Amino acid sequence: QSPIEITTTTPSGQSPIEITTTTPSGQSPIEITTTTPSDQITVEMTNEQCLQSYSVMNESWRKIMYGGSNETTLKCDRSIPPGWYRFMEPAGVKLPLTPPESYGWYLETCGTAASAWVQNGTDPVLGKGVMDINICFAFTSVCQWSIPSQAVACPDSDGTLFYLYHLQPVEACWLAYCALENMSSTTATSTTTSTASL
């Protein structure tokens with residue numbers, strides 16, 4: 001038989017409707033799939049930090065270009081104020097999770113000498129809150145300098161994700177925060193599947 005489709009609408013301000021099912025003996029469990037509307041996802045999964053003000057890094061010299069940057073002048077982040085930052089094009093959109101493919105010389109990755117990457121190897125997850133990370137800078141070694149930091153995933157107005165990073169000024173020049181152009185996860189969605197049985 002065709003599956004039964006159940007649609008429920010919860011009035012504003014009230015608790016969600018709970019559905020209880022009973023499966024007759026010998027029959028397969030009933031599977032109920034619920035999908036949360038995108039506007040509710042934004043409200044329920046937005047961390048408080050996402051609603052606070054932040055600064056934008058969008059300078060083109062920050063864009064990671066493995067194999068050699070087009071920049072000819074070294075840049076440094078020693079003078080940036082501590083705070084929450086978002087990378088936006090043309091700078092790229094997120095810090096890399098692995099060391100640069102090549103390092104140890106000037107302008108190999110972006111417009112600096114020692115480019116940043118996240119040593120934890122994971123991006124923040126929407127709805128999981130602020131996570132602690134360690135930002136490394138690769139030059140003569142993959143993590144010659146490091147700075148403890150934080151990151152959080154936030155839903156954008158178009159349903160995509162963006163990341164915020166709490167960045168500190170670097171301790172020396174030439175170290176800088178450079179970014180990749182692609183996000184590993186781009187859409188803010190939430191689907192829950194539950195199985196009801198005796």
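## The C76–C173 disulfide

In this predicted model, C76 and C173 are joined by a disulfide with an S to S distance of 2.0 Å; a disulfide here is a pair of cysteine sulfur atoms within 2.5 Å. The torsion about the S-S bond is -95 degrees, and the link of C76 and C173 is left-handed. This pair connects distant parts of the chain, 97 residues apart. C76 sits in the loop between strand 2 (55-57) and strand 3 (83-87), while C173 sits in the loop between strand 7 (161-167) and strand 8 (175-176). Helices (H or I, at least four residues) and strands (E, at least two) are DSSP runs, numbered from the N terminus.

C173 counts as partly exposed because its relative accessibility is 31%. The classes are buried for under 20% relative accessible area, exposed for over 50%, and partly exposed in between, with a 1.4 Å probe and protein chains only.

## The C110–C178 disulfide

C110 is bonded to C178, with an S to S distance of 1.9 Å. The link of C110 and C178 is right-handed, at 80 degrees about the S-S bond.

## The C136–C143 disulfide

The sulfur atoms of C136 and C143 lie 2.0 Å apart and form a disulfide. The link of C136 and C143 is left-handed, with -70 degrees about the S-S bond. C136 counts as buried because its relative accessibility is 0%, whereas C143 counts as partly exposed because its value is 25%.

## Disulfide pattern

The structure holds four disulfides. With bonded cysteines counted along the chain, the disulfides follow the pattern 1-6, 2-7, 3-8, 4-5.

## K94 and its polar contact

K94 lies in the loop between strand 3 and strand 4. K94 counts as buried because its relative accessibility is 4%. The side chains of K94 and D123 are joined by a polar contact of 2.7 Å. A polar contact is a pair of N or O atoms within 3.5 Å; within protein, one must be able to donate a hydrogen and the other to accept it, and residues adjacent in sequence count only if both atoms are side-chain atoms.

## Basis of the values

Residues are numbered from 1 along each chain as its sequence is written, and side-chain values use heavy atoms, with hydrogens and water left out. In this predicted model, local features need pLDDT of at least 70 and side-chain atom pairs count only at pLDDT 80 or more, while totals for chains, interfaces and linings use all residues.
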